[in-house]
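The stops below run from the whole chain down to single residues.

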Amino acid sequence: MSRRRLGHEYRRVPREEDTSRDAVDGFTEAQFVMPPPKIPWKAIIFSTFLCITGAISLAFGFLIAIGQIHEKYLDRQLPLFILGSIMFIPGSYHVVVAFRAFRNHPGYSFEDIPDFD
């Protein structure tokens, strides 16, 4: 069945000289303005925790390796290095990104930090 039989009429397409472009498609310039970025506080606190804990683990692993901590803890050296590296590398990366985003360095944004919400 056609639309005319059901009582529906086709709408007239407006010509450009009749209306402005904004009225035709319904979009305005204000829709495309970026809002200020939301600061992911949970992610920044978590990455700071990872950075500090990883640095402490790496420091203890290094102290065990050079003999400043007693030799009976020598079996804990490798796990401290591995876990310290796994925590320190991403933690320090995200802390640096957050710091540079706070300082408005070009190329850095809070959108680069994953959000936990």
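**Before selecting anything**

This is a predicted model, in which local features need pLDDT of at least 70 and side-chain atom pairs count only at pLDDT 80 or more, while totals for chains, interfaces and linings use all residues. Residues are numbered from 1 along each chain as its sequence is written, and side-chain values use heavy atoms, with hydrogens and water left out.

**Whole protein**

Colour by secondary structure. The protein has four helices and zero strands, in the order α-α-α-α along the sequence. Helices here are DSSP runs of H or I with at least four residues, strands are runs of E with at least two, and both are numbered from the N terminus.

Now show the surface. Of the 117 residues, 17% count as buried. Buried means under 20% relative accessible area, exposed means over 50%, and partly exposed lies in between (1.4 Å probe, protein chains only).

Among contacts with a separation of 6 or more, 57% join residues 24 or more positions apart. Contact means heavy atoms within 4.5 Å.

**Helices α3 and α4**

Select residues 41-66 for α3 and residues 77-102 for α4. Two packed helices are described by the angle and the distance between their axes. Here the axes come within 6 Å and cross at roughly 140°. The axes are lines fitted to C-alpha atoms, for helices over the stretch in contact, and angles run from 0 to 180 degrees between N-to-C directions.

What classes of residue make up the contact of α3 with α4? There are 17 nonpolar, twelve polar and no charged residues. In this scheme Ala, Val, Leu, Ile, Met, Phe, Trp, Tyr, Cys and Pro are nonpolar, Asp, Glu, Lys and Arg are charged, and the others, Gly among them, are polar.

**Two serines in α3**

Pick Ser47, in helix α3. Ser47 counts as buried because its relative accessibility is 4%. Beyond its neighbours within four places in sequence, Ser47 contacts Gly91, His94 and Val95.

Next pick Ser57, also placed in α3. Ser57 is buried, with a relative accessible area of 12%. Residues up to four places away in sequence aside, Ser57 touches Leu80, Gly84 and Met87. Draw a C-alpha to C-alpha line from Ser57 to Leu83: the two are 7.3 Å apart in space and 26 residues apart in sequence.

**The largest nonpolar core**

Select Ala43, Ile44, Val97, Ala98, Ala101, Phe110 and Ile113, the seven residues of the largest nonpolar core. Such a core is a set of buried Ala, Val, Leu, Ile, Met, Phe, Trp, Tyr and Cys residues joined through side-chain atoms within 4.5 Å. Helices α3 and α4 each supply at least two of its residues, and α4 gives the most, with three.

Centre on Ala43. Leaving aside neighbours within four places in sequence, Ala43 is in contact with Ile113, Pro114 and Phe116.

Val96 sits in helix α4. Is Val96 buried, partly exposed or exposed? Val96 is partly exposed, at a relative accessible area of 43%.

Finish at Asn104, in the segment after α4. Most residues other than glycine have a negative phi. Asn104 is not a glycine, yet has a positive phi of about 60°. Asn104 is exposed, with a relative accessible area of 64%.
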